[in-house]
Amino acid sequence: MIESVPLYPTTIPLAFFVWGPALVMLLYWLVGVWASRQGVARLLESDWNGFTVADVEKLFAAYGDERRARYRHRVLPADVAVAFVYAIVGAVIIAGLSMRGQPWWVAALCGGGWLLGGLCDVAENFAIARLLDTYPKLEAGNVAFASRVTQLKLVLFTLGIIGALVAAYLAFKPLAA
């Protein structure tokens, strides 16, 4: 009979707790640079106060057909990829801390921000893609959904940054003791 391989704390190396969050921040910045080079200001995706139908109409009209197409077909797919990366990093933080003996709720608090934030970011990107696809006819419900998911994503991403810092401290703490 073949025995299964046990999961040791070394399955997720300590370096992940530094380089995983560094990768997330680098990719997040690079998507911003990519959007700028495409001539698309990501104003909707960084609006902490939410946005209305009038805000979206004004922004999409200012973009014009070409920049709306670049936003839909170039910037949003890149942002979806980054969202999946930081959701995966959040999940690995949870697993890594759990394997190192932290209670599940501590691990979930540390990695959950990025895990849930990444999923909200994916939902936000699909909602904005829908807005771009239906423009100039925008429905208030679709705009409200995109706005709320954006706000939730921003809060969870910020909490994910704090969680990643705490996770690094907790992962390296036994070495310092």
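Buried means under 20% relative accessible area and exposed over 50%, with partly exposed in between (1.4 Å probe, protein chains only). These legends describe a predicted model, in which local features need pLDDT of at least 70, side-chain atom pairs count only at pLDDT 80 or more, and totals for chains, interfaces and linings use all residues. Residues are numbered from 1 along each chain as its sequence is written, and side-chain values use heavy atoms, with hydrogens and water left out.

**View 1. Confidence along the protein.** pLDDT, the predictor's confidence in each residue from 0 to 100, averages 90 for the protein, and 92% of the residues score at least 70. Confidence is highest in H3, at a mean of 95, and lowest in H4, at 92. Helices (H or I, at least four residues) are DSSP runs, numbered from the N terminus, as are strands (E, at least two).

**View 2. Two nonpolar cores.** A nonpolar core is a set of buried Ala, Val, Leu, Ile, Met, Phe, Trp, Tyr and Cys residues joined through side-chain atoms within 4.5 Å. The largest one has 22 residues, of which Phe17, Tyr86, Ile93, Leu97, Cys110 and Trp114 touch the most other members. Two or more residues of this core come from each of helix H1 (16-37), helix H2 (53-99), helix H3 (104-134) and helix H4 (140-176). Look elsewhere for a second, separate core of 19 residues, with Val75, Leu131, Leu132 and Leu138 among them.

**View 3. Around Tyr86.** Here contact means heavy atoms within 4.5 Å. Leaving aside residues up to four places away in sequence, Tyr86 touches Val24, Trp114, Leu115, Gly117, Gly118, Asp121, Lys153 and Phe157. Tyr86 also forms one aromatic cluster with Tyr28, Trp114 and Phe157.

**View 4. Aromatic pairs.** Rings of Phe, Tyr and Trp (its six-membered ring) pair if their centres lie within 6.5 Å; planes under 30 degrees apart count as stacked, over 60 as edge-to-face and the rest as tilted. The structure holds 7 such pairs. One of them joins Phe16 and Phe17, edge-to-face at 5.7 Å centre to centre with 80 degrees between the planes, and both residues are buried. Tyr63 and Tyr71 are edge-to-face too, because their ring centres are 5.8 Å apart and their planes at 80 degrees. Tyr63 is buried at 7% relative accessibility, and Tyr71 is buried at 1%.

View 5. With a disulfide taken as a pair of cysteine sulfur atoms within 2.5 Å, the count comes to 0. The sulfur of Cys110 lies 19 Å from the closest cysteine sulfur, in Cys120, so the two are too far apart for a bond. Cys110 counts as buried because its relative accessibility is 4%; Cys120, at 14%, counts as buried as well.
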